[in-house]
Amino acid sequence: MKIWVILNGVQQGPYNEAQLPELPLTPDTPVWYEGLPQWTPAAAAPATAPRFSDGADVDVAPEAATPSSEPQTLAQRQPSPAPTPQIDEPCPKTFLAWSIVLTICCCTPVSVAAIFTSAFVSRNYRNGDLRAAQRISEVTEWLVIIAIVMGIITAPLWWSIVI
């Protein structure tokens, strides 16, 4: 049997039953395997409940113990990641277009770094970390400004060498 677990907020697995004793499972650790309709605490899932019973009866939720009667597609049977938090504020500016134009025109390492940091703005925003997205947006803005200044300074030198 393949068992998936969520440890420290990260979905992990699949594991087999022999590997479970090596994992730091608690009674509240969410687990899922084929036959469970949804993520279930380890103490309530029939396959993992014996690990947490100290001779006492463990209350198993009836909907978690019985397999779903409806046929499921593969996508429905596989565990899904935790939902991302919703943010009410709009995504901070990424400056991606500026970064790409500066990389093409000026070809400075700073503009390449701006492309990478601009990608992290959207990533952090999608993951629900608005504060990190705002900080990275500010860093990207500074990288774009520095790339523009470097382009203005190095353009005359470049053209004097080429011409």
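Let's start with strand β1, residues 3-7. Four of its five residues are buried, meaning under 20% relative accessible area, with exposed over 50% and partly exposed in between (1.4 Å probe, protein chains only). So β1 is mostly covered. Strands here are DSSP runs of E, at least two residues, and helices are runs of H or I, at least four, both numbered from the N terminus.

A word on the source. This is a predicted model, where local features need pLDDT of at least 70, side-chain atom pairs count only at pLDDT 80 or more, and totals for chains, interfaces and linings use all residues. Residues are numbered from 1 along each chain as its sequence is written, and side-chain values use heavy atoms, with hydrogens and water left out.

Back to β1. What does β1 pair with? Strand β2, residues 10-15, is one partner: the two run antiparallel, joined by four bridges. Pairing needs at least two DSSP bridges between the strands. Leu7 has Val10 of β2 as its bridge partner. Two residues sit between the strands of this hairpin, and there Asn8 takes a positive phi near 55°.

Strand β3, residues 30-33, also pairs with β1. Again the sense is antiparallel, over three bridges. Look at Trp4: its bridge partner in β3 is Trp32.

Now the overall layout. The protein has five helices and four strands. From the N terminus, the order is β-β-β-β-α-α-α-α-α. Of the 163 residues, 28% count as buried.

Next, helix α4, residues 109-126. Its 18 residues reach 27 Å from first C-alpha to last. That is close to the expected 26 Å, taken as 1.5 Å times one less than the number of residues. Which residues of α4 are buried? Val110, Ser111, Ala114, Thr117, Ser118, Val121 and Asn124.

Last stop, helix α5, residues 130-162. Ile146 lies in α5. Ile146 is partly exposed, at 38% relative accessible area. With Trp142, Ile145, Val149 and Ile153, Ile146 forms a nonpolar surface patch, about 490 Å² of accessible area together. Areas come from the Shrake-Rupley method with a 1.4 Å probe; for residues, only the protein chains shown count as cover. Patch residues have over 30% relative accessible area and no salt bridge; nonpolar side chains (Val, Leu, Ile, Met, Phe, Trp, Tyr) are joined within 5 Å, like charges within 9 Å. A salt bridge is a side-chain nitrogen of Lys or Arg within 4 Å of a carboxyl oxygen of Asp or Glu.
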